[in-house]
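Thanks for coming. I'll take a few minutes to walk through one structure, and here it is on the screen.

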Amino acid sequence: MDESKKLGFPSILATGVGLIVATSCLLSLGQGAGALGTGFIVSMVMACIINILSALCMAELNAVMPNLTGGLAQYTLAGMGPFVTIVTMVGGYLLCQTIAGSVECAMFGNTINSAFSTGLPSSFFCILLLAALIIVNLLGVDMFAKIQDVVVYDLVISLVLMGLIGILGLAFFLFIGCEFVIPLSPNARNARRNIPLGMVISLVLICGMQVLVIFGMHHYTKWADLAVSASPHVLYGTALLGKAGTIWMVLVSVFAVVSTVNSCINFLSSMCAGMAKLSLLPGVFCRKNKRGAYYVGILMIGGIMIFVNATGLSNSSSLSFMILVAMVFWMISYIVQDINVLIFRKQFPRMPRTFRVPGGPIIPILAIIGNAFMIFHIDGDPAVRNSIFRIDGICFIILALYAVLWCRLVLKRPLFKHYEMKDVMAMENDLYLLAHKQTKRKEDA
C-alpha cells in the first residue's frame, strides 16, 4: 500500500477509543457510579491499569510478529497451536463481538425512541444504521478511517465537555477492546510505534474522560436514579441542560454506536481473513473487493447483526446476561495473549524487538492475575456468576468439539503443537495460500 494512503496515529487512536466507548459502556458508567458513587473511580482506575498491562503485552507480540492481518490469532497459533487459537478467537471475538455489536445497535434504536416519538420500531433504526456501516466498510479502510475519525473525536469532545460542565456547575467493560487496532498494522504508518502508543493512550484518555463524566453526574443527578436508569447518560444530559442535554446525549449515543459497530465489523472481517490465511476458517473469508475490503466477513457479520435486531433477539432481557458470558471468553483470550508473551520470551530470547514490555515477566504475570481476578468477579451475585460459568463451560465444550474436528479433519495437525513462527508469518502472503492450494490439489489427485 502507498505510504501516503496508510492510516496515521489519529486514525489508530480513533479505532482504539471507538471500540471501547460504546453505548453499553455509557450504561455501565452511569449505573456503576450510581451504585458506588465517586468510589467507582477507584474500580475504573484499577480496571484501566489491568487492561494497560495486557495492551503492553499485545504490543510486544505485535513487535515480534508485525503487520499480520489477524494479529491475535497468529500469535496464539505460533505460541499454543491450533486448538487454543480456534477456541479463544471464535469464542472470545467472533461470538462475543457479534452479540455485543447487535446489542449496541438495539440500544441505539431504543435511545432514539426514548427521546423522540417516532412511531417506528427501534429495530428500524438499528437495521438502517447497520446497512450504512456495512456499505462504509465495503468501501475500504480509507472510508472506514474517515468515518471513525469524525465520530470518535466528536464523541470524546462531547463527553469531556459534559463532564467539565457538570463539574463546574461494571468497570472492566469500560476499557476492553483496545487491541482492535492490531489488525490495522498492515495499513498503518510506523505501526511498531503507533499501534502500542494508540492502545495505551486510548485507555488513559478514556479513563480521564469517564472520571470527568462521573464528577459531572455527581453534581446534577442522584446516585440512586443513575443506578436504576436504562439510559443514565441521557438522564444526566437532561438534568444538566434540559431538552438540549437530551438531544446532545442522543448524539453521543449515535457517535458511540457508530464508532463501536464500525470498528467491530472492520476488526472481525480482518480477523476472519487472518484465520482463513492460517486455514483455521474457510478460505472464502480472504476474498477482497476492488476497494481491498474483506467483503465476505463484512457481509456475514453485518448480516448476522441485522438478523438479530430484525428478529428482536437483541431486545431480549437475557441478552445482557449473555454478553457477560461472552466477556469471559474475551478475558480468557487476554490471558492467552499474556501467556504468549512468556512463551515467545522463552522460545526466542534473543529475537530483536522494537518494543519490549519492561520488568521481565512481571507485567505479563500481573496481567494474567488481574484478568483472572476479573473473571472470578464477573458478577457480584454468586448465583448469577455460577450460571455464567456453567454456560461458558457448555460453550467451551461446543467450541472444543469444533476445534478438534477442524484440526483432525481439515488441518490434520496435532491440537496443541505450535506452528513455526516463520511459517505463520509466511501465511500472510497471498502467494503462500495459492501454493498451499496447488499442493493440496496435487495430493488429492
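A word on terms before we start: helices (H or I, at least four residues) and strands (E, at least two) are DSSP runs, numbered from the N terminus. Residues are numbered from 1 along each chain as its sequence is written. This is a predicted model, in which local features need pLDDT of at least 70, side-chain atom pairs count only at pLDDT 80 or more, and totals for chains, interfaces and linings use all residues, while side-chain values use heavy atoms, with hydrogens and water left out.

Let me begin with helix α11, residues 243-277. The expected span of a helix is 1.5 Å times one less than its number of residues. For the 35 residues of α11 that gives 51 Å, and the end C-alpha atoms are 51 Å apart, which agrees. Is α11 buried or exposed? Buried means under 20% relative accessible area, exposed over 50%, and partly exposed in between, with a 1.4 Å probe and protein chains only. Of the 35 residues of α11, 29 are buried, so the helix is largely enclosed by the rest of the structure.

After α11 comes serine 279, with a positive phi near 65°. Serine 279 has this positive value although it is not a glycine, and it sits in the loop between α11 and α12 (295-310). Lysine 412 is another residue other than glycine with a positive phi, near 55°. Its place is the loop between α15 (382-411) and α16 (421-426). Lysine 412 is exposed, at 67% relative accessible area.

Next, the interior. A nonpolar core here is a set of buried Ala, Val, Leu, Ile, Met, Phe, Trp, Tyr and Cys residues joined through side-chain atoms within 4.5 Å. The largest has 101 residues, and Met65, Tyr93, Val261 and Met275 have the most contacts inside it. Helix α5 (residues 82-115) supplies the largest share of this core, 16 residues. A second, separate core of 16 residues includes Ala33, Val211, Ile214 and Leu240.

Serine 333 is in helix α13 (residues 319-347) and is buried, with a relative accessible area of 1%. What is serine 333 in contact with, leaving aside its neighbours within four places in sequence? Taking contact as heavy atoms within 4.5 Å, the partners are Thr88, Met89 and Tyr93.

Last, the cysteines. A disulfide is a pair of cysteine sulfur atoms within 2.5 Å, and a search of the whole structure finds zero. For cysteine 207, the nearest cysteine sulfur is that of cysteine 48, 4.3 Å away. Cysteine 207 is buried, at 11% relative accessible area, and cysteine 395 is buried too, at 18%.
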